Structure formats: C-alpha cells, structure tokens
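I opened this model to look up a few local features. The entries below follow the order in which I checked them.

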Amino acid sequence: MEYPVIEINLDTIRVNAAALAALCGKRGIAVAGVVKCTCGSPAVASAMLAGGVKQIADSRLENLERLRNNGINSELLLLRSPMKSQIAHTVKIVDISLNSELEIIELLSAEAARQRKQHDIILMIDLGDRREGVMPGDVIAAAGAIIQMPGVRLAGIGTNLTCFGGILPSPENMRQLAELATEIETVYAIKLRWISGGNSSSLKMIIDGTMPAKINHVRLGESILLGRETAYGKLLPGTKPDAFCLKAEIIESAVKPSQPEGIAGLDAFGHVPVTSGDNYYRRRVLMGIGREDTVLEGLLPCLPGIKVLGGSSDHLIVDVEEAGRSFEAGDIIQFNLTYPALLGCMTSSYVNKHYHDIRPEQHLTGIRIAGMPVSIGANRPGSELAPQAVCAKLKEKLAVSGHAAEDCGNIVKPLLYDASLTPEQKSALLIDANDCLAQFTVNALDENKFPLAVGGDHSITAGIISGLRRRKKSTGMVMFSAFGEFNDEKTSTTGNLHGMVLAACCKRGGLRMVSIPPDMPVENIVLIGLRNVDSAERKLLRQSGIKIFTMEDIDVLGMHEVIIQACRRLSHCTDGFHVSIGMNFADPAEAPGVLLASRGGVNYREAHLAMETLAVTGMVCSADLTELAPVNAADDPTAGFGIELLCSLLGQKII
Ligand SMILES: *Cc1c(COP(=O)(O)O)cnc(C)c1O
C-alpha cells in the first residue's frame with residue numbers, strides 16, 4: 001500500500017448515524033446526513049442511509065451529482081444557495097435546496113417548470129450567525145413570494161448557526177424559528193414539511209430536551225462522522241470517534257536540536273517562526289504529508305508521546321522523543337483527525353482513500369410465492385389461469401439464479417368473473433380471498449420472506465398491500481398500469497373492481513376489497529405507465545396527490561429517470577415499497593395476453609430497465625404480478641415476459 005492513506009470505517013459511520021437518527025427520531029426530528037466533508041462519498045452516504053438518516057445533503061452540486069450517479073436514491077439536499085450559473089444543473093440533480101436569495105429562487109422556479117419537475121425550497125433565515133439567510137423581518141414576505149411561484153414548493157424554513165459568527169443554538173433563537181414557521185403556516189394556510197433547526201451544534205439542545213417541538217429536521221455532518229456535537233465538542237452517546245484514521249509514512253528520522261539555527265527570516269508560508277524554550281537534542285521524524293493535503297494542526301497522533309510540531313507544503317514534522325520506541329524511515333504513524341483535517345485529507349488527491357466495508361445487513365431469507373386465481377374483479381375471465389402459467393416456472397428460474405423461492409400454490413379457490421353479480425356481491429367475495437392474501441403477507445414478513453403474489457386481476461393488490469401495511473407502516477407502492485384504477489362506485493362505468501383498486505388501496509371512495517383497508521397515504525404511491533383514463537377518473541387522479549408518470553413522461557424523461565424520480569419521492573416518506581406490476585403497462589405488442597390491452601405502452605427493454613433500476617435501490621419489499629390472462633397456460637409468451645420481469649426485480653434483491 002502507498003501512503004498517506006485515510007482509512008474509513010463505514011460500519012462506524014453507520015453506527016453513529018443510527019445512534020443520532022434514533023436520538024433525533026425520538027423527538028420527531030428527521031436527520032439529513034451531510035457528506036460534504038467526505039467530498040460527497042457515495043459509500044459514506046450509503047452507510048448513513050443504512051443507519052437511518054432520511055436524506056443526504058452536500059453543499060456542492062458536483063458531489064450530489066456523483067451520489068446520484070452512484071445509486072444514492074434518497075432525497076438529495078443542496079446545502080448552499082445554488083449559483084446562478086448552476087440553476088439548470090441544480091434542478092436536474094437535487095430535490096431540495098437551501099435558499100436565501102429570491103432572485104435565485106425565481107430562476108429555479110422557471111427552470112423547474114421547464115424541466116417538468118417540482119423543486120423544493122427551504123428558506124434559510126439568519127438568526128444571528130450572519131452567514132446565509134434572509135433577515136427575520138423579511139421572512140413572511142419572502143415566503144409569500146415563493147408560494148406564488150410555479151415549479152417550486154416552499155417545503156420549509158431553516159437556519160444555520162455556529163459557522164461564521166460562532167452563534168450557538170439557544171431556546172430563544174430556536175423558538176424564533178418555530179414561531180416564524182407557525183406564522184407562515186397561519187398567514188398562508190399551508191403546512192411546512194421541514195423546520196430545519198441547524199447542524200451538529202443543535203444536538204445538545206435535542207439531548208437536553210430544550211429544542212422546541214416544532215423543529216422537525218436537522219442536518220448532521222461532523223457529529224455522524226466524528227461522533228461529537230459541535231457546540232461544546234462533547235462526545236455523543238452511542239457514537240464512536242474513530243471512523244477515520246490517517247496513516248502517514250516516515251521519510252526521515254533523526255536526532256536534531258529543537259531550535260532553528262541562523263538568522264531567522266520568514267518560513268515557507270511567509271510567517272515569522274516563533275521559537276521559544278530551551279534547545280534540546282530530540283528525535284524528530286519527517287513524514288510525507290503536508291499543508292497541500294491537510295490542516296496539520298488537526299492531526300491528532302493516536303499514540304501518546306508523539307507531538308506534531310508543524311510542517312510545510314509537503315512535509316510534516318513530528319517530535320517522537322517521548323514515544324518510548326524507535327521510529328525509522330518507512331514506519332507508519334496513525335492520526336485521528338479534526339473536522340478541517342478530515343476535510344483536507346478527503347479533498348487531497350494525494351491521500352489514498354481506503355474503505356472498510358459495512359457489516360452485511362440482515363437480509364431476507366427467501367421469496368414466498370402465492371397464487372391468486374382471481375378474475376372476479378375483472379372485465380372477463382382469464383386471469384385466474386395466470387398462477388398456473390407463472391408460479392412453478394418462476395420458482396425454477398429464481399432457483400437457477402440461486403434464489404430460494406417457495407411456491408405455496410394457489411392460496412384461495414378460483415374466483416371467477418361473473419357478469420350476473422353486482423359490484424357489492426363481487427366485493428364481498430373478493431374480501432375473503434384478499435383477507436387470505438393479507439394473512440399470507442403478514443406471515444411471510446414475520447418469517448423474513450419476501451411476499452410475492454401472482455394474480456389474478458389487479459384487485460388482489462389491495463390484499464397484499466393490506467398485509468404489508470399491517471407490518472410495515474411506512475411502506476409505499478410503485479404501481480405499473482396502463483389504467484388509472486382510481487374509479488369509485490359513482491364514476492365507474494363498468495362496476496369492475498380492478499378499475500377501483502388504487503382507490504381502495506388509499507381508502508378513497510371505491511368498494512372495500514379487503515377487511516382491513518390498507519389506507520396508504522397518497523404521497524406514498526407512484527403510478528407509472530398511465531395512458532388510459534376515464535374522464536371522471538382523470539379529475540379524481542389529478543386531485544389525489546398521487547405521483548403519476550404517464551407514457552408521455554416516460555417518453556420525455558426516459559424510464560431510468562422516471563424510476564429514479566419515483567424512488568426519490570418514495571424514499572422521503574417510506575422505508576421501502578411494494579411493486580405492483582399490472583402487465584398491461586407493457587405494450588400489447590410484447591404482452592398481448594392481458595385482460596384488457598391498451599396500445600402505446602412500455603416496450604420490452606424499458607420494462608426490464610424499470611425493474612433493474614428498482615432492484616438496485618434495495619427498497620423493494622414485496623411485489624405482485626397481475627392482469628395477466630394467458631392464452632396458453634402451459635407456454636404463454638406474456639407469462640414468460642412477466643416471469644422475466646419478476647426475475648429482474650428480484651434478482652439483485654436477495655443476495
Ligand atoms: C455543513 C453544513 C451542515 C452540517 O454541519 P455539521 O456541523 O457538519 O453538522 C448543515 N447545514 C449547512 C447549511 C451546512 O453548510
């Protein structure tokens with residue numbers, strides 16, 4: 001190995017993030033993990049996310065872009081007001097930015113509208129530290145102006161302290177922040193998502209219980225990385241201080257007089273060297289690292305008896321006289337780091353970065369497949385044959401790629417389409433079947449299995465979602481469907497239950513489809529592939545708050561971007577999500593064997609890309625395949641396509 005090297009213990013970062021996320025979580029405060037001190041390291045961001053932080057934040061766009069390109073799908077927060085020269089880039093890369101300049105926010109608004117995106121604004125307020133922020137007296141007017149702008153949403157307000165002026169968070173300035181938030185909410189009748197109460201220096205108040213309840217967000221960097229709060233420099237409970245260790249190499253070891261000799265001028269950096277004390281002969285070593293790499297005063301030797309004397313651009317001078325051992329050229333000395341020294345080491349391209357892996361997470365132990373031979377919710381029979389065409393083959397395919405899958409067969413009796421039944425009668429019969437699926441799902445989750453339902457028409461999704469939400473409250477759903485499935489009894493022209501299943505999942509009108517309605521928040525749902533909506537349903541969907549990516553959006557943005565945006569949206573409000581594949585989302589050219597086909601759908605490659613992109617997020621916690629109506633149960637091409645998609649979705653999930 002070549003030196004110097006900074007060793008980065010990702011598991012310690014995970015542990016620290018978990019301790020602080022739990023500490024803040026107890027008080028209803030969400031944590032944005034700040035990675036700017038590591039130059040936006042994706043590995044560090046992943047470790048923080050594994051520890052439970054909600055978002056990842058950095059002050060530099062380049063770092064955020066790297067994170068996005070390296071599979072970080074959480075919400076990304078830009079900590080510094082965007083530059084005028086980076087507006088388009090900012091809207092493209094980040095979800096939320098901290099802002100204090102209305103002129104910039106106007107540019108963000110125009111650009112977000114152009115990119116068909118929503119960009120969230122946290123309005124920063126200067127509460128005395130005199131770095132960024134509008135003055136408190138200007139906050140209400142600024143908030144009003146932002147609320148008027150298209151493309152941007154006033155997602156919250158925040159403040160930053162203990163940076164320039166060294167002003168500490170206090171009950172007074174935090175109360176002022178909370179009161180300004182309440183005032184904005186009252187004056188404009190809106191709800192602010194985030195009241196962001198500062199950085200690592202705010203932890204002391206959170207621990208002491210003096211943080212006002214209204215504050216629900218903090219941005220933590222140094223405390224997660226180095227295990228210290230920064231108001232008083234105290235170690236934090238449950239954290240470790242040794243996530244980083246710098247190892248540098250000795251290039252000269254000699255006994256020299258402690259005092260310089262000759263006529264003193266300036267040192268290499270233009271300072272007059274201060275020398276004092278007696279002149280002794282002492283053992284000193286030179287090391288191959290310097291001010292070009294880091295802040296030498298921030299290097300803290302791990303062993304006692306070693307003292308950093310100083311250095312120049314490329315040399316570090318260390319007194320080892322009292323170390324109690326000998327040091328030679330080639331020996332390594334280890335240092336802990338202060339925040340500025342860490343920043344320097346991470347930024348220097350001369351310091352090698354060496355990551356120690358995170359402990360593998362407790363993973364699922366297998367997939368459990370349930371057949372749901374149901375077409376009672378559909379427009380015709382056919383989908384009751386899908387489990388027969390899919391389950392056994394799927395199990396085989398998954399086994400080939402090394403994934404243990406258990407095929408539980410059909411878990412309910414066939415429940416067929418019957419034109420003579422009223423929607424109410426169908427609903428009563430469906431509830432029994434879906435209750436079985438909900439129970440199956442609960443059992444699977446309790447036994448660390450991944451529940452997978454093979455429909456059936458789309459109405460079975462209400463069953464699996466009901467079970468899922470009984471065990472995992474903060475789950476979401478990505479639903480692929482050509483149709484809105486958002487009708488209620490009044491707007492439905494057919495009375496077919498599968499056309500109301502999305503409404504049933506979020507308890508909006510619609511008939512009941514399972515005993516315990518899933519009641520999923522609309523903001524936890526993303527619908528992808530939509531191209532066929534009834535006119536009354538269109539209005540309901542528009543007003544619903546469900547995030548929709550139509551086929552047009554897929555054309556404009558590309559499938560990869562659509563999935564990234566979907567995951568980003570879900571990652572702030574959920575800790576995982578269900579994937580519901582209504583086979584009609586694919587184009588009938590590739591998937592003809594569906595209950596009701598709709599032209600202009602997703603092609604073969606896009607469909608796979610969608611599943612692959614979802615798989616790498618690691619957030620998929622259950623799935624279903626529905627709306628398949630095989631023409632030939634023994635060897636049906638559409639069933640084959642569905643199996644492939646599930647393999648793509650699951651392949652990388654269970655390792
Ligand atoms: C750097 C920064 C943070 C994180 O500060 P730490 O002291 O590392 O927790 C939070 N907010 C803003 C605006 C920042 O610039």
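**Ligand site**

I began with the ligand, and found one of its oxygen atoms 3.0 Å from an N or O atom in the side chain of Arg131. I took a polar contact as a pair of N or O atoms within 3.5 Å; within protein, one must be able to donate a hydrogen and the other to accept it, and residues adjacent in sequence count only if both atoms are side-chain atoms. This is a predicted model, so I kept to its limits: local features need pLDDT of at least 70, side-chain atom pairs count only at pLDDT 80 or more, and totals for chains, interfaces and linings use all residues. Residues are numbered from 1 along each chain as its sequence is written, and side-chain values use heavy atoms, with hydrogens and water left out.

I then looked at Ser200, where an N or O atom of the side chain is 2.5 Å from a ligand oxygen. At Gly221 the backbone takes part: one of its N or O atoms lies 2.8 Å from an oxygen atom of the ligand. The protein covers 94% of the 380 Å² of accessible area that the ligand has on its own (Shrake-Rupley method, 1.4 Å probe; for residues, only the protein chains shown count as cover).

Which residues come nearest to the ligand? I noted Lys36, Ser200, Arg219, Gly221 and Glu222, out of 14 residues around it (near means a heavy atom within 4 Å). By class, the shell holds 5 nonpolar, 4 polar and 5 charged residues. For this count, Ala, Val, Leu, Ile, Met, Phe, Trp, Tyr, Cys and Pro are nonpolar, Asp, Glu, Lys and Arg are charged, and the others, Gly among them, are polar.

**Salt bridges**

I searched the whole structure and found 25 salt bridges, each being a side-chain nitrogen of Lys or Arg within 4 Å of a carboxyl oxygen of Asp or Glu.

Arg153 and Asp120 form one of them, at 2.8 Å from N to O. Arg153 lies in strand E7 (residues 152-159) and Asp120 in strand E6 (residues 119-125), so the bridge ties together parts that are 33 residues apart in sequence. Helices (H or I, at least four residues) and strands (E, at least two) are DSSP runs, numbered from the N terminus. Are the two partners buried or exposed? Arg153 is partly exposed at 33% relative accessibility, while Asp120 is buried at 3%. I used under 20% relative accessible area for buried, over 50% for exposed, and in between for partly exposed (1.4 Å probe, protein chains only).

Glu185 pairs with Lys214, with the closest N and O atoms 2.6 Å apart. Glu185 sits in helix H7 (residues 171-188) and Lys214 in the loop between helix H8 (203-208) and strand E9 (217-220), 29 residues apart. Glu185 is buried at 14%, and Lys214 is partly exposed at 26%.

The Arg325 and Asp331 side chains meet at 3.6 Å, N to O. Both are partly exposed, Arg325 at 44% and Asp331 at 21%. I also noted a network: Glu75, Asp120, Arg153 and Arg193 are joined by salt bridges that share partners.

**Backbone**

Most residues other than glycine have a negative phi, and most peptide bonds are trans. I looked for departures.

The peptide bond from Tyr3 to Pro4 is cis, with omega near 0 degrees; Pro4 is in the segment before strand E1 (5-9). Another cis bond joins Gly455 and Gly456, with omega about 10 degrees. Gly456 is in the loop between strand E19 (449-454) and helix H13 (461-471).

Arg130 is not a glycine, yet has a positive phi of about 65 degrees. I placed Arg130 in the loop between E6 and helix H6 (139-148), partly exposed at 46%. Asn448, also not a glycine, has a positive phi of about 60 degrees. Asn448 is in the loop between helix H12 (423-446) and E19, and is partly exposed at 34%.

**Cysteines**

How many disulfides does the whole structure have? I found 0, taking a disulfide as a pair of cysteine sulfur atoms within 2.5 Å. The closest cysteine sulfur to that of Cys345 is in Cys37, 9.6 Å away, which is too far for a bond. Cys345 is buried at 0% relative accessible area, and Cys567 is buried at 0% too.
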